[in-house]
Amino acid sequence: MSDNSSLRTPSQRIAWTATIVVSTLVFIFLIAPILAIMPLSFSSSSYLTYPLPGLSLRWYDDFVNSPRWMNSLKNSVIIGVASTLLSMVLGTLAALGLAQWKSRFKPLVLAFVLSPVVVPGVITAVGLYFFFAPIGLTGSYLGLILAHTALATPFVVITVGATLQSFDTNLARAAASLGASPIYAFRRVILPLILPGLASGALFAFATSFDEVVIVLFMAGPEQRTLPREMFSGIRENISPTITAAAVILTTVSVILLATLEALRRRNERLKGSGGEDAGS
């Protein structure tokens with residue numbers, strides 16, 4: 001493979017170098033707050049100060065041994081997993097329906113389905129509160145799970161819908177012509193092909209639910225305090241370095257999810273590449 005950099009003109013090389021420099025500066029600007037928080041979580045001081053007087057794991061120990069923080073982490077995991085499972089089901093059904101629906105109203109319906117992503121979170125939270133309050137779903141796990149499902153489902157619709165753009169509907173028709181029921185055809189033909197998009201949507205859905213705080217502020221009761229809600233309350237009422245330990249844990253979870261998402265994307269590309277090579281041979 002030839003080196004394309006030797007074929008670039010001087011102006012193209014300057015533009016390429018400028019792009020790398022600007023991108024690096026933007027990346028540093030975005031990641032700088034995270035890099036500033038991480039060392040504070042290992043500080044031995046009871047205050048958020050630089051320079052660090054010493055290193056200690058006392059704030060992680062306080063996080064792990066605190067019933068308040070552990071309960072909030074448990075709530076975040078329960079609500080995140082439950083809303084992710086629901087959003088996977090609803091988002092997949094919506095994506096399949098929209099992919100097969102040929103109507104002039106399809107863009108309008110798609111915009112309605114994706115509206116929780118576009119509408120500001122405060123407006124969504126207020127609307128959900130006034131919708132759930134009369135039926136007694138505020139201050140309950142079910143209400144929070146349904147609210148987070150509404151917020152996370154569009155991500156599943158987007159990723160599964162993108163996967164369905166390259167899906168050959170003749171495969172499902174062939175399965176039906178061979179006697180497969182719709183459920184069997186979906187499980188053995190459609191699901192394996194859309195699984196990378198479904199997994200990506202599930203990761204986005206879980207990350208959205210796990211980090212969400214605005215809806216929780218409006219709808220959660222004392223027993224449903226999630227980890228972001230606990231962090232928000234701690235910043236407002238009593239700033240403790242334990243919050244930095246919680247922030248590092250949240251950041252680590254997000255990085256793991258993004259790394260998993262990237263691994264799934266590369267695996268999907270490898271499968272497509274191997275499939276194309278097999279077809280060519």
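Modeller: Start with Arg-68. Arg-68 is partly exposed, with a relative accessible area of 48%. Buried means under 20% relative accessible area, exposed over 50%, and partly exposed in between, with a 1.4 Å probe and protein chains only.

Colleague: What kind of model is this, and how are residues numbered?

Modeller: This is a predicted model, where local features need pLDDT of at least 70, side-chain atom pairs count only at pLDDT 80 or more, and totals for chains, interfaces and linings use all residues. Residues are numbered from 1 along each chain as its sequence is written, and side-chain values use heavy atoms, leaving out hydrogens and water.

Colleague: With which residue does Arg-68 form a salt bridge?

Modeller: The general idea: side chains of opposite charge can pair when their charged atoms come close. Here a salt bridge is a side-chain nitrogen of Lys or Arg within 4 Å of a carboxyl oxygen of Asp or Glu. Arg-68 pairs with Glu-230, and the closest N and O atoms are 2.5 Å apart. Arg-68 sits in helix 3 (residues 67-100) and Glu-230 in helix 11 (residues 227-237), so the pair ties together parts that are 162 residues apart in sequence. Helices (H or I, at least four residues) and strands (E, at least two) are DSSP runs, numbered from the N terminus.

Colleague: Is Glu-230 buried or exposed?

Modeller: Glu-230 is buried, at 3% relative accessible area. Glu-230 also forms a salt bridge with Arg-225, the closest N and O atoms being 2.9 Å apart. Arg-225 is partly exposed, at 22%. Salt bridges that share partners join Arg-68, Arg-225 and Glu-230 into one network.

Colleague: How many salt bridges does the rule count?

Modeller: The count is 2. The chain has 19 positive and 13 negative side chains. Lys and Arg count as positive, Asp and Glu as negative; His and the chain ends are not counted.

Colleague: Now the fold. How many helices and strands are there?

Modeller: The chain has 12 helices and 0 strands. Its radius of gyration is 23 Å, well over the 19 Å that the globule rule gives for 281 residues, so the chain is more spread out than a compact globule. That radius is taken over C-alpha atoms, and the globule rule is 2.2 Å times the number of residues to the power 0.38. The C-alpha atoms fill a box of roughly 70 × 65 × 35 Å, taken along the principal axes.

Colleague: What share of the residues counts as buried?

Modeller: Of the 281 residues, 32%.

Technical notes: The place of a charge is taken as NZ of Lys, CZ of Arg, CG of Asp or CD of Glu.
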